[in-house]
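Thanks for coming. Please look at the model while I talk.

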Amino acid sequence: MDCNEAQQYAGDAIDRSLPNGIGKEFQAHLEKCKPCRREVALENLSKHMVRQNIQQIPTPRSIQTFILSSLRLEYDQKKPDSASWLTGFLPFQVALPALAGGIVAVAFFLIVSSRTDPSYKMTAHTASNDIINLSFANFALMQSGKMQPAMVTAAPESVGDFFQKSNLQFGVHIPKLKTCEWCGGSASECSGVKQAHLLYKAGKELIYVFEVSDDDALYGTQVSLPLAAKRALTQSGWYTDPDHPDCNVILWKTDEAVCVAVSTMKKAQLLALLTTQ
Amino acid sequence: MIPVLQAVVSRSTKKKHTEFEAEALPHMDVLYNFALRTTGNEDDARDLLQETYLKAYRFWDKYEKGTNIRAWLFRIMKNSYINRYRKETKEPDKVDYDDIENFYNTIRAESTDSNDLQEQLYGNLLGDEVTKALQSLPDDFRTVVILCDIEGLTYEEIAEFVECPIGTVRSRLHRGRKLLQAKLFEYAKQQGMIKGD
């Protein structure tokens, strides 16, 4: 075996094993050839240093949560493809006529039926007492300065004390957002519904958080939520509103509250901040 | 949508979610580590991991059941990295392979034959330098070094992950380790750790 061949087999000698005959020749060559012996030793050293100094680490819990939340938001937003699930049940030649027939049948049913399904558009939130609309409107007021927090602090714990004294009758969730310079709080009541308002400053971005008790949000009549949001909050605890092109609206549920965050920050960044507290 | 159709769609969609999570999520650690070693920071690794899992879910119907799902997920991650991050970050300086050969010729020419090469060459070179050296490798070489030396994959598995012949895996591994050694030698020299010459 010459040096070129030995170099070709070096990797296999280090990482796997060489077939018997070749292995013996390889070892015999190394015993005679100091440069090749040294080069194999250096390659082995390289592997050893990487292994010794760079270990595999488990995915941090915050990132696991972030990934799961992202997937569940994706599940909620993905509209089922009426063709694909049908072709899963039926062969293609049957699926298309069956789908067409189904559409005709549904149209006939709707025409002759006197029932209407008020929740047909599940993500619509046109009601004036819709929480998402209220949050969006408040965010605009905060941005323009027409609405301001009653108190501002660099310590989120102080905001917690403020809300305790405000007697809102539900546990206000105080997100501890990394990279935020200050946060502010206000409390209010409208039509018997107690509300908490938080404002965070993160670099150039503002994040507004609106909170009401989960009973009011999910079961009450004074404030409303789209059906899709109620379902998502009940099932996964998270919901992203799809209807705002110029800012992101993310909802989540805690033990006692439904929280709505509004910001012009990128969705992934906002989600990361909210899930890594 | 009328209630009966809605119930059928719901069951089938739920099944898809459960199946996807059961098959794809157990590989998160391997993917995260690769993302971290490739992007070099936790925030980008997190974003790359998120993009990978979202794409994997969206294309779940394209995955062939029973085939190597880890390799499939890895290819999605690799392509996402190439499409998004490689364009945004500066490419590492082009490697002049002649310099590496010169380094190796210097090392090979030494007359002493020491068992303790690490002590001789690198002294107390820190883990950060090793991470930096790995980060500085060209993507193709870094990928195979990570998959072999950190993740412990076989040559066959690596070939499947990166979609190239085993011979190419061997060659990239060999050259990647040589480059790594040259980088470490450079760092050790800069820090005055090289004993003798």
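**The contact between the chains**

The contact takes 36 residues from chain A and 38 residues from chain B; two residues are in contact if their C-beta atoms, placed from the backbone, lie within 7 Å. Before I go on, this is a predicted model, in which local features need pLDDT of at least 70 and side-chain atom pairs count only at pLDDT 80 or more, while totals for chains, interfaces and linings use all residues. Residues are numbered from 1 along each chain as its sequence is written, and chains are lettered from A and ligands numbered from 1 in the order in which they are written.

On the side of chain B that touches chain A, the elements giving two or more residues are α1 (3-24), α2 (28-39), α3 (42-58), α5 (97-109), α6 (117-122), α7 (127-135), α8 and α10 (166-190) of chain B. Helices (H or I, at least four residues) and strands (E, at least two) are DSSP runs, numbered from the N terminus. By class, that side of chain B has 19 nonpolar, 10 polar and nine charged residues. Here Ala, Val, Leu, Ile, Met, Phe, Trp, Tyr, Cys and Pro count as nonpolar, Asp, Glu, Lys and Arg as charged, and the others, Gly among them, as polar.

One helix pair across the contact is α3 (residues 34-53) of chain A with α8 (residues 139-150) of chain B: their axes come within 9 Å and cross at roughly 75°. Axes are lines fitted to C-alpha atoms, for helices over the stretch in contact, and angles run from 0 to 180 degrees between N-to-C directions.

**Helix α8 of chain B**

How many of the 12 residues of α8(B) are buried? Nine are, and the helix is mostly covered. A residue is buried if 20 or more other C-beta atoms lie within 10 Å of its own, exposed if 12 or fewer, and partly exposed in between, with C-beta atoms placed from the backbone. The buried ones are F141(B), R142(B), T143(B), V144(B), V145(B), I146(B), L147(B), C148(B) and D149(B).

Within its own chain, α8(B) packs with α10(B) at an angle of about 95°, the axes being 8 Å apart. So α8(B) is roughly perpendicular to α10(B) as well. From α8(B), the residues in that contact include F141(B), V144(B), V145(B) and C148(B); from α10(B), they include V169(B), L173(B), L179(B) and L180(B). The residues of this contact divide into eight nonpolar, one polar and five charged. After the helix comes G152(B), with a positive phi near 75°.

**The sheet of chain A**

Now chain A, which has 11 helices and seven strands. Of its 277 residues, 32% are buried. The seven strands form an open antiparallel sheet in the order β1-β2-β3-β4-β7-β6-β5. Strands β1 (151-153) and β5 (238-240) of chain A stand at the edges with a single partner strand each, so one side of each has no neighbour in the sheet. From one strand to the next, the twist averages 20°.

Two strands pair if DSSP finds at least two bridges between them. Strand β7 (residues 257-263) of chain A pairs in the antiparallel sense with β4(A) (residues 205-213) over seven bridges, and with β6(A) (residues 248-253) over six bridges. V209(A) stands opposite A261(A), and V249(A) has V262(A) as its bridge partner. β6(A) and β7(A) form a hairpin, with three residues between them.

Which way do the residues of β7(A) point? A257(A), C259(A), A261(A) and S263(A) point one way, V258(A), V260(A) and V262(A) the other, and all are buried.

Finally, helix α7 (residues 131-144) of chain A lies across β3 (193-202), β4, β6 and β7 of chain A, running at about 140° to β4(A).

Conventions. Parallel < 35°, antiparallel > 145°, perpendicular 65-115°, else oblique.
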